[in-house]
Amino acid sequence: METLSRSQIAAFEAVLNRVPADDRARIHALKAAAATAAEASAPHWDFDQPGHRAEEALAEAFGPALTDDHRRALIAVWALEMSARVPAADLPSAVLELYPEWIQRLADFLTAAADPYGRDYWAKDVRISLVLSVPGARTQMIDLSSPMGPGQVLRHAREGWGWSVIPAYAAAQAWKPWLEVHTESRELSDFNEAGWDRAWATAAEICKRRPEMAGMLGSSWFYDPPLEQISPRLAYLRVNPLKNGAFLLHQGPGEIHTQRAATSSPTRAALIEKGEYTARSWIVAWPRAALIRWADARKAQQGMAEAA
């Protein structure tokens with residue numbers, strides 16, 4: 001499969017050429033060290049770490065003259081190198097078949113040159129262009145390494161959310177690295193049950209290639225159990241993994257969770273305003289053996305449906 005089309009190469013080169021020749025030379029000079037620093041920070045629990053390392057490299061090179069054009073140019077340079085990075089990552093076909101659309105969206109976004117370059121978009125584009133996160137479905141991206149330390153499990157139990165997570169954590173060998181799923185808010189067409197099933201199934205295929213992975217996890221307010229009554233249309237996000245071998249870890253409330261829970265639903269916003277609902281973030285962790293078992297059963301069921 002051709003990772004980059006000619007039109008995509010041309011688009012990324014045009015983005016790079018928006019900055020002066022001297023600035024392009026500085027970006028080429030810093031790109032390798034910035035990529036190494038970003039890659040080293042990728043397994044950190046903080047999704048934004050690679051973006052911070054890339055920002056630091058640009059700030060050192062350009063100081064107060066740093067603009068969003070420089071940021072887009074660095075992403076474009078890294079995107080042009082994806083033809084080497086993607087094959088080197090040894091990814092399953094479930095991921096590779098998604099790349100053409102994801103790369104095109106990246107090219108379109110950089111070409112549009114919207115200012116300011118949103119911090120969430122920057123963090124995601126750094127990770128995607130360096131293949132630290134990969135496509136999982138049209139809307140979901142998957143980090144290739146994320147930790148889940150025992151401290152989170154012990155805190156969950158001590159705070160009264162249940163002790164059953166301790167044996168679940170041990171059985172999953174959850175001290176190993178995990179895949180982690182994130183939502184790409186620039187393309188929400190797959191934010192539905194089928195899209196999420198595809199993302200989980202993609203993760204299972206990655207786990208088959210990477211035996212060192214413990215499974216895949218997600219961290220969000222939309223795994224909050226009360227949403228089964230408040231927003232039943234979102235229940236599948238938590239219920240489907242739990243029915244098939246996943247377990248939950250409580251993380252807690254926070255301003256960002258309140259903001260996100262209220263933004264997309266007047267019902268939730270009203271309940272939050274009245275003090276009748278507190279949005280809480282949870283981790284849903286789907287251990288590799290159970291995840292692969294579910295994905296294989298799903299694939300067999302789809303095969304029978306197509307044959308019928």
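# Legends to close-up views

**Figure 1. Helix 11 (193–209) and helix 13 (236–243) each contribute at least two residues to the lining of the largest cavity.** The model shown here and in the views that follow is predicted. A search of the whole structure returns 1 cavity of 30 Å³ or more, and the space in the largest cavity amounts to about 30 Å³. Its lining consists of E193, W196, D197, W200, Y236, L237, N240 and P241. Divided by class, this lining comprises 5 nonpolar, 1 polar and 2 charged residues.

Figure 2. Two or more lining residues come from each of the following elements: helix 8 (119–129), strand 2 (140–146), helix 9 (150–158), strand 3 (178–183), strand 4 (215–220), strand 5 (247–253), helix 14 (255–263) and strand 6 (280–287). Helix 14 provides the largest share, with 5 residues. In terms of residue class, the lining of the largest pocket contains 15 nonpolar, 17 polar and 11 charged residues.

**Figure 3. Strand 3 is largely enclosed by the rest of the structure, because 6 of its 6 residues are buried.** Cover is present on both faces of the strand. On one side, W178, E180 and H182 are buried; on the other, L179, V181 and T183 are buried as well.

**Figure 4. Strand 3 pairs with strand 2 in the antiparallel sense and with strand 4 in the parallel sense.** The antiparallel pairing of strand 2 and strand 3 comprises 5 bridges. Within it, S146 has W178 of strand 3 as its bridge partner. The parallel pairing of strand 3 and strand 4 extends over 3 bridges. Here L179 is placed opposite M216 of strand 4, and V181 is placed opposite G218 of strand 4. Strand 4 is itself mostly covered, with 5 of its 6 residues buried.

Figure 5. Across the whole structure, the search identifies 13 aromatic pairs. In the pair formed by F222 and Y223, the ring centres are 5.1 Å apart and the planes stand at 70°, so the arrangement is edge-to-face. F222 and Y223 are both buried.

**Figure 6. Two arginine residues lie over aromatic rings: R105 over W102 and R186 over F109.** R105 is positioned over the face of W102, 4.5 Å from the ring centre. In the case of R186, the charged end sits over the ring of F109, at 4.5 Å from the centre of that ring.

How values were computed. Residues are numbered from 1 along each chain as its sequence is written. This is a predicted model: local features need pLDDT of at least 70, side-chain atom pairs count only at pLDDT 80 or more; totals for chains, interfaces and linings use all residues. Side-chain values use heavy atoms; hydrogens and water are left out. Helices (H or I, at least four residues) and strands (E, at least two) are DSSP runs, numbered from the N terminus. Ala, Val, Leu, Ile, Met, Phe, Trp, Tyr, Cys and Pro count as nonpolar, Asp, Glu, Lys and Arg as charged, and the others, Gly among them, as polar. Rings of Phe, Tyr and Trp (its six-membered ring) pair if their centres lie within 6.5 Å; planes under 30 degrees apart count as stacked, over 60 as edge-to-face and the rest as tilted. Buried means under 20% relative accessible area, exposed over 50%, partly exposed in between (1.4 Å probe, protein chains only). A charge sits over a ring if NZ of Lys or CZ of Arg is within 6 Å of the ring centre and within 35 degrees of the ring normal. Two strands pair if DSSP finds at least two bridges between them. On a 1 Å grid over the protein atoms alone, a cavity is a set of points where a 1.4 Å probe fits but cannot get out, and a pocket is an open set with protein on both sides within 12 Å along at least five of seven lines; lining residues have an atom within 4 Å of a point. Grid points are joined across faces, edges and corners, and a volume is the space filled by probe spheres set on the points.
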